[in-house]
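Here are a few notes to read alongside the model, with the cut-offs spelled out as they come up. I hope they are handy when you set up your own look at it.

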Amino acid sequence: PPPAPQEAAPGVTPTPLAGGETAIEAPLPGMVIRYEAKVGQRVAQGDVVVMFEAMKMQNALAAPREGTVKRLGPEPGAKVGKGDILAVIGE
């Protein structure tokens with residue numbers, strides 16, 4: 001049977017992406033440690049945007065493309081589920 005869809009973590013409201021936007025998603029359930037970029041900041045592909053902790057290991061999540069940080073997800077310290085949007089990069 002196909003896996004059941006995962007629910008968003010409490011307090012996390014999924015927001016649809018506008019055309020031309022790309023999301024940085026949580027690769028595993030975990031916790032947001034801090035954001036290395038601010039809304040409105042230009043980032044290059046590969047720049048670290050989010051520090052994320054999963055399974056007691058910190059992971060640097062990089063911008064998948066060049067652009068401007070349009071929005072950030074849950075506050076640092078918030079628990080998130082796999083696939084939750086942590087940041088959005090756009091034009």
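1. The model is predicted, with local features needing pLDDT of at least 70 and side-chain atom pairs counting only at pLDDT 80 or more, while totals for chains, interfaces and linings use all residues. Residues are numbered from 1 along each chain as its sequence is written, and side-chain values use heavy atoms, with hydrogens and water left out.

2. Let's start with the hairpin of S4 and S5. Two residues sit between these strands, and Met-55 takes a positive phi near 50° there. Strand S4 (residues 48–54) pairs with S5 in the antiparallel sense over six bridges. Among the facing residues, Ala-54 stands opposite Met-57 in S5, and Met-51 has Ala-60 of S5 as its bridge partner.

3. Now for S7, which covers residues 79–80 and includes Val-80. Is Val-80 buried or exposed? Val-80 is buried, because its relative accessible area is 5% (buried means under 20%, exposed over 50%, partly exposed in between, using a 1.4 Å probe and protein chains only). Val-80 and Pro-27 are 53 residues apart in sequence, and their C-alpha atoms are 9.9 Å apart in space.

4. Asp-84 is buried yet has no salt bridge, and the nearest side chain of opposite charge, Lys-82, is 11 Å away. For reference, a salt bridge is a side-chain nitrogen of Lys or Arg within 4 Å of a carboxyl oxygen of Asp or Glu; Lys and Arg count as positive, Asp and Glu as negative, and His and the chain ends are not counted. What does the side chain of Asp-84 reach? It comes to 2.7 Å from the backbone nitrogen of Gly-81.

5. The other sheet to mention is also open, with four strands in the order S1-S8-S6-S3 and antiparallel pairing. Strands S1 (22–25) and S3 (42–43) are the edges, and each pairs on one side only. S1 runs antiparallel to strand S8 (residues 85–90), joined by four bridges, and Glu-25 stands opposite Ile-85 in S8.

Notes: Pairing = 2+ DSSP bridges. Polar contact = N/O pair within 3.5 Å; in protein donor to acceptor, adjacent residues only side chain to side chain.
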